[in-house]
Amino acid sequence: MTIQIPDTLWYDGEMLRLQSFPLEAYFNQETVSKPNFEPPDSSIWRGYLAEWKIENDQLYLAGLTGWLLQKDPAGSQGSHLVEIGLAELFPGYEGQIFASWYSGKLQAQRQASDNEQKPGEDTSPDVWLFGVDEGKIVE
């Protein structure tokens, strides 16, 4: 099984690897239909990568790269992947999107780089846990 590339979360100037998928909560709302994302390769089975930020104790969707399968012009048998971003998923919005749809726990981790580790040091990742209520960080 291929290791999946996680979404990222920026917190306090650090990039963390998110172990949760808060965008799925957006797609689970009754009024939202999830695009038919296609994995570009076996390391991104969900078909998208999201970038998140915590700013002023609020969770924001700051970036998105998703892939959709588009049929080639009439008369041809093929198809190809097209890349979409936040503008296609949230038309009319510019910049980052406040994640008001998300309530729950976010788990993220930071793995020390090889340059930061000293011989004999514990190499397990730092784990961060955030409680979120309608996009606001509560713990």
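## Largest pocket

A pocket is an open set of grid points with protein on both sides within 12 Å along at least five of seven lines, and its lining residues have an atom within 4 Å of a point. In this predicted model, the lining of the largest pocket consists of Gln4, Ile5, Pro6, Arg17, Leu18, Gln19, Phe21, Arg46 and Gln109. By class, four of these residues are nonpolar, three polar and two charged. The space in the largest pocket comes to about 160 Å³.

## Salt bridge at the pocket lining

The whole structure holds five salt bridges. Arg46, one of the residues lining the largest pocket, pairs with Asp7 at 2.9 Å, N to O. Asp7 lies in the segment before β1 (8–11) and Arg46 in the loop between α1 (22–27) and β3 (48–55), so their contact ties together parts 39 residues apart in sequence. Asp7 is buried, at 0% relative accessible area, and Arg46 also counts as buried, at 15%.

## Other salt bridges

Glu24 and Lys34 form a salt bridge whose closest N and O atoms are 3.0 Å apart. Because Glu24 belongs to helix α1 and Lys34 to the loop between α1 and β3, this pair ties together parts 10 residues apart in sequence. Glu24 is partly exposed at 23% relative accessibility, as is Lys34 at 37%.

Arg110 meets Asp126 in a salt bridge of 3.1 Å, N to O. Arg110 is in strand β7 (residues 104–110) and Asp126 in strand β8 (residues 126–133), 16 residues apart. Asp126 is partly exposed, with a relative accessible area of 39%.

Notes: Residues are numbered from 1 along each chain as its sequence is written. This is a predicted model: local features need pLDDT of at least 70, side-chain atom pairs count only at pLDDT 80 or more; totals for chains, interfaces and linings use all residues. Side-chain values use heavy atoms; hydrogens and water are left out. On a 1 Å grid over the protein atoms alone, a cavity is a set of points where a 1.4 Å probe fits but cannot get out, and a pocket is an open set with protein on both sides within 12 Å along at least five of seven lines; lining residues have an atom within 4 Å of a point. Grid points are joined across faces, edges and corners, and a volume is the space filled by probe spheres set on the points. Ala, Val, Leu, Ile, Met, Phe, Trp, Tyr, Cys and Pro count as nonpolar, Asp, Glu, Lys and Arg as charged, and the others, Gly among them, as polar. A salt bridge is a side-chain nitrogen of Lys or Arg within 4 Å of a carboxyl oxygen of Asp or Glu. Helices (H or I, at least four residues) and strands (E, at least two) are DSSP runs, numbered from the N terminus. Buried means under 20% relative accessible area, exposed over 50%, partly exposed in between (1.4 Å probe, protein chains only).
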